[in-house]
Amino acid sequence: MDVVWTTLAPLIGVLLGGLMSMLAQRSAGRALERGEARRSARELAEARRNERLTHLIEFLSAVQEAERVAVDRHHHNLADEQWQARARQVLDRVWVMQKTIHVLCTPEVSEAARSLAWAVQEVIRKGPEDPGEPQDEKVWAHIRPSRQAFLDLVRDQLS
């Protein structure tokens, strides 16, 4: 019996050692896979955040241009064909960017962008509510609440 035990003991040791080694490798492999999945998810989230940020900045740029168009119309009394073409072009850009935000961002950000786009469109077409001077400040005052709401929401979403 001692001969059998002395023969089997090393074999059992090898089997147990091999099993433990295999379990350790498997566990390490799973941990590596989980770590890689987390890193990949972080990279994807960062890429999507950067894409949203790029489109948000483009939207703000379009809104800024639309503000200038409104000021040209209501403060500098421009309304010629060239101004009208510029107004149509800038409003188209604002609305395309708003739709892009709708696709890429949360519903709250999309709605805030839509409100800002409507405010800009309204002030370009109708002018500010108060017809008094100076019109440039009245244009900005008309847009300011929706612009501020948009900026505050975007800041909160991005942080």
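Number residues from 1 along each chain as its sequence is written. In this predicted model, local features need pLDDT of at least 70 and side-chain atom pairs count only at pLDDT 80 or more, while totals for chains, interfaces and linings use all residues; side-chain values use heavy atoms, with hydrogens and water left out.

**The core**

Select Phe59, Ile101, Val120, Ile124 and Phe150. Of the 29 residues in the largest nonpolar core, these touch the most other members. A nonpolar core is a set of buried Ala, Val, Leu, Ile, Met, Phe, Trp, Tyr and Cys residues joined through side-chain atoms within 4.5 Å; buried means under 20% relative accessible area, exposed over 50%, and partly exposed in between (1.4 Å probe, protein chains only). At least two residues of this core come from each of α1 (2-74), α2 (81-104), α3 and α4 (135-158). Helices here are DSSP runs (H or I, at least four residues), numbered from the N terminus.

Now show the surroundings of Phe59. Leaving aside neighbours within four places in sequence, its contacts (heavy atoms within 4.5 Å) include Val94, Ile101, Leu116 and Phe150.

**The tryptophan pair and Gln121**

Next, select Trp95 and Trp118. The structure holds two aromatic pairs. In this one, the ring centres are 5.1 Å apart and the planes stand at 70 degrees, so the pair is edge-to-face. For pairing, ring centres of Phe, Tyr and Trp (its six-membered ring) must lie within 6.5 Å; planes under 30 degrees apart count as stacked, over 60 as edge-to-face and the rest as tilted. The pair links distant parts of the chain, with Trp95 in helix α2 and Trp118 in helix α3, 23 residues apart. Trp95 is buried at 15% relative accessibility, whereas Trp118 is partly exposed at 45%.

Gln121 is buried, with a relative accessible area of 10%. Its side chain makes a polar contact with that of Trp95 at 2.6 Å (N or O atoms within 3.5 Å; within protein, one able to donate a hydrogen and the other to accept it, and residues adjacent in sequence counting only if both atoms are side-chain atoms).

Arg48 sits in helix α1 and is partly exposed at 47%.

Finish on α4. Among its buried residues are His142, Ile143 and Phe150.
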